[in-house]
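Visitor: I would like to learn how to read the inside of a protein model, one feature at a time. Could we begin with contacts and then go on to cores and cavities?

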Amino acid sequence: MPSPDSSALAEASPRRILGLAIPALGVLAAEPLYLLLDAAVVGRLGALPLAGLAVGGLVLAQVSTQLTFLSYGTTARAARLHGAGRDDDAVGEGVSATWLAFGLGALIIAVMQLLCVPILALIGGGGDITAEAVRWFRVAVLGVPFILVSMAGNGWMRGLQDTVRPLRYVVFGLGLSAVLCPLLVHGLLGFPYLGLVGSAVANVIGQTVAGALFVVALVRSGVPLRPSWPVMRAQLSLGRDLVLRSLAFQACFLSAAAVASRFGAASVAANQVVLHLWNLVSLTLDSLAIAAQTLVGAALGRADVPGATRLGWRLTAWSTVFALVLALLLAAGGPILPGLFTTDSSVVEQMQSIWWIFVAIIPLAGVVFALDGVLLGAGDAAFLRTATLACALVGFLPSIWLALAFDWGLRGIWFGLGIFVALRMAAVIGRFVSGRWAIAGADIQRTAG
């Protein structure tokens with residue numbers, strides 16, 4: 001009989017890791033790709049509708065992305081149960097998470113229908129842009145419950161080490177939206193002309209279909225569909241830590257954007273383009289982190305702490321090597337890539353001023369993302385919350401505002417991001433080496449970080 005360690009390492013084979021990571025990357029990338037199409041379709045209506053979509057879409061994204069614990073927290077809990085051979089209980093985590101998704105989604109709809117006008121006016125500056133944003137948002141927010149249901153569905157299916165079905169469901173829903181969007185926005189092929197509102201309607205239809213597919217999967221699983229209040233309380237407790245962690249990220253990047261705007265239009269444009277590239281790198285590394293979360297959670301669920309530790313090292317090595325390859329490719333493209341995004345020489349100059357900082361951060365991020373996945377798989381969200389808040393307050397935020405005070409420009413902002421990532425790397429390595437994250441058993445019981 002193979003030892004637990006050899007069993008865990010067998011699960012970390014290249015084929016197994018890629019089998020989990022590639023479909024997860026597809027899910028992560030599907031929405032950003034659809035949003036590009038949505039913007040291109042709406043952009044043909046003119047600048048005003050496109051600005052309304054941008055403002056409304058920003059608020060909708062902020063509202064929904066704060067609740068990613070429905071995905072990541074559910075994965076952590078379901079993976080342990082799967083590792084312990086309790087697949088019905090793992091699916092039960094999905095049932096409770098789905099009930100939470102519907103409840104929180106209904107609450108968000110009610111609150112945002114009441115408050116969307118002042119919120120959108122604050123961001124859009126009032127006037128015609130805000131009016132367009134409100135028209136779009138009042139319809140688009142109706143899809144939030146199904147966005148959250150899809151998050152919960154991704155969570156419990158990842159916990160069962162099934163990343164293929166979520167990809168099919170999400171791609172089918174977004175594909176339907178992609179087909180309907182131009183038809184409804186521009187009134188093609190006999191469809192009604194809805195203008196900007198057509199974009200929102202297409203979004204809601206696609207989100208509803210994707211969410212419905214996850215619900216159907218729960219029904220077909222044969223597990224009881226009653227919510228479990230103890231499970232929901234535990235999920236909300238884990239969610240609290242992940243929401244606070246997410247808010248720390250938001251505060252940092254919003255502050256960076258605000259300070260970049262003080263350095264002029266070229267700095268804002270350059271910062272935005274490089275930030276898009278950073279987000280692309282993050283999505284790629286996050287797919288490997290999801291594999292780490294799933295495999296480590298399962299190992300701990302079957303009480304295989306040595307195997308979970310070995311998995312952690314193996315997956316971190318994978319992620320680091322992959323990040324180094326990405327960094328080398330971007331370093332080689334440094335003289336060329338900035339010019340592909342703009343012909344404005346001042347923007348290109350600003351991008352090149354931070355390019356090598358951006359490249360240098362990527363290998364560090366490879367370590368951070370992998371160990372984030374390991375610790376999330378262990379349910380160590382309280383530590384990740386505290387560490388992220390501390391690194392933001394000590395590293396990133398002071399650097400951002402010092403860059404403004406001493407006129408360091410974009411280099412100061414991105415140097416601050418580098419400090420932030422380096423501090424997080426030190427924190428997660430220290431936590432991983434300490435072994436305090438590795439609590440064995442099917443049920444996560446943590447009271448402190």
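Visitor: Which residues does tryptophan 414 touch, not counting residues up to four places away in sequence?

Guide: This is a predicted model, in which local features need pLDDT of at least 70, side-chain atom pairs count only at pLDDT 80 or more, and totals for chains, interfaces and linings use all residues. Residues are numbered from 1 along each chain as its sequence is written, and side-chain values use heavy atoms, with hydrogens and water left out. Contact means heavy atoms within 4.5 Å, and on that basis tryptophan 414 touches Asn271, Val274, Leu275, Trp278, Ile354, Ile357, Phe358 and Ile361.

Visitor: How many residues has the largest nonpolar core, and which have the most contacts inside it?

Guide: In soluble globular proteins, nonpolar side chains tend to be buried together. A nonpolar core is a set of buried Ala, Val, Leu, Ile, Met, Phe, Trp, Tyr and Cys residues joined through side-chain atoms within 4.5 Å, where buried means under 20% relative accessible area (exposed is over 50%, partly exposed in between, with a 1.4 Å probe and protein chains only). Here the largest core has 132 residues, and those with the most contacts inside it are Leu70, Phe137, Trp278, Phe358, Trp414 and Trp437. Helix H11 supplies the largest share of this core, 17 residues; helices are DSSP runs (H or I, at least four residues), numbered from the N terminus.

Visitor: How much space lies in the largest cavity, and which residues line it?

Guide: Rolling a probe the size of a water molecule over the atoms shows where empty space is left. On a 1 Å grid over the protein atoms alone, a cavity is a set of points where a 1.4 Å probe fits but cannot get out, and lining residues have an atom within 4 Å of a point. The largest cavity holds about 50 Å³, a volume being the space filled by probe spheres set on the points, and its lining consists of Phe253, Ala256, Asn271, Leu275, Phe396, Ile413, Trp414 and Leu417.

Visitor: Is threonine 75 buried or exposed, and what is it in contact with beyond its neighbours within four places in sequence?

Guide: Threonine 75, in helix H4 (residues 69-83), is buried, because its relative accessibility is 0%. Beyond those neighbours, threonine 75 is in contact with Asn154, Gly155, Arg158, Gly159, Gln293 and Thr294.

Conventions: 1 Å grid on protein atoms, 1.4 Å probe; cavity = no way out; pocket = protein on both sides within 12 Å on 5 of 7 lines; lining within 4 Å. Helix = DSSP H or I, 4+ residues; strand = E, 2+ residues; numbered from the N terminus.
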